[in-house]
Amino acid sequence: MSSPSLQGGPQSGPLSGLERLAIAAVILVWGLNNAAAKVATAELPPMLVGALRFGLALAFLFPFLKPPFPSRGRMLAICLLSGPIHFGLIYVAFGMARSLSPLVVASQLWIPFTALLAWRLLGETMKPLAVAGLVTAFAGVAWMSLDPHGAADLPAIVLAVIASACWALATVLVRRTPGVKPLKVQAMTAVVAAPALLAMSFGFEPDIGRRVATASPLAWACVAFAGVVSTIGASALLFWLVQRREAGRVTPYFLLTPLVSCTIGVLFMGDVLSPQLVIGATATLAGVALVALTGKKAGPVAGA
């Protein structure tokens, strides 16, 4: 994998066919991963699913756990926020929710949350269009949640919004920690998250033994998909892309990820999209896109 410095900086010009294929693969994997999380947490304890995901990821990421470890206090905060806190909340939300689509849409609020926190903590400017997008995104989630189908999943949606805020704070803290390599951050996060989520699972989730013993092969396949294909495979493609291109050139395409998840939810998981849900989801994604496309910088994003 060549670095930008060896290539003379990010490339310009149209995206190559291979780059477009990589973007499509990331969108598809992350879209499938949301559905996989819903399937896995329907049969297995949600926090145990998170622990297993990070445990599998750590088996591949362990070679990246090499010193130096910059800003240890800040790195610990990043690992806690992006690991056991974010994924603990989001997997519990997946386990609680009846429908996949509203949850996936609400989780995209991490983008406007990041813009808001970057303005507050980093002094970054927010363009008027970004402010409009932020208001539109939050209004869309609120409108979506007022629908009877969305209201049934309101507690899960609230957890998803809180998880998005935690992920956004971790993203801003990463911006304040220059020089740290993404795969090292993922490895350190897995070291913190796997045992923390496992401890929380055994401390708070009942019937672990029974649910593990009765889980279907599909549920275990979904856990393996999250730990290996999504966490390792899709992230590797993402880092390859942003090494070749400016992040803002490729990351807006990943806003298509919720469309993949929502399509799966409607076609295969029984999601009901009422007009109010569609309007709210459309407003949310439009607002998120406005924030992402008008921001000064667009950093790498991660899937659930």
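A pocket is defined on a 1 Å grid over the protein atoms alone, as an open set of points where a 1.4 Å probe fits, with protein on both sides within 12 Å along at least five of seven lines; its lining residues have an atom within 4 Å of a point. This is a predicted model, in which local features need pLDDT of at least 70 and side-chain atom pairs count only at pLDDT 80 or more, while totals for chains, interfaces and linings use all residues. Residues are numbered from 1 along each chain as its sequence is written, and side-chain values use heavy atoms, without hydrogens and water.

**The second largest pocket**

Select Leu65, Phe69, Arg72, Met75, Leu76, Cys79, Met188, Val191 and Val192, which line the second largest pocket. The space in this pocket is about 160 Å³, a volume being the space filled by probe spheres set on grid points joined across faces, edges and corners. Next, colour α4 (72-96) and α10 (182-204), each of which supplies at least two lining residues; helices here are DSSP runs (H or I, at least four residues), numbered from the N terminus. The most is given by α4, with four residues. By class, the lining has eight nonpolar, no polar and one charged residues, where Ala, Val, Leu, Ile, Met, Phe, Trp, Tyr, Cys and Pro count as nonpolar, Asp, Glu, Lys and Arg as charged, and the others, Gly among them, as polar.

**Two loop positions**

Move to Pro68, in the loop between α3 and α4. The peptide bond from Pro67 to Pro68 is cis, with omega near 5 degrees. Then select Asp207, in the loop between α10 and α11 (208-214). Phi of Asp207 is near 55 degrees, a positive value in a residue other than glycine.

**Helix positions, buried and exposed**

A distance drawn from the C-alpha atom of Ser101 to that of Leu173, 72 residues apart along the chain, spans 29 Å.

Pro46, in helix α3 (residues 46-61), is also a buried residue, at 11% relative accessibility.

Finish at Leu267 in helix α14, which is exposed, with a relative accessible area of 59%.

Note on methods:
Buried < 20%, exposed > 50% of the residue type's maximum accessible area, 1.4 Å probe, protein only.
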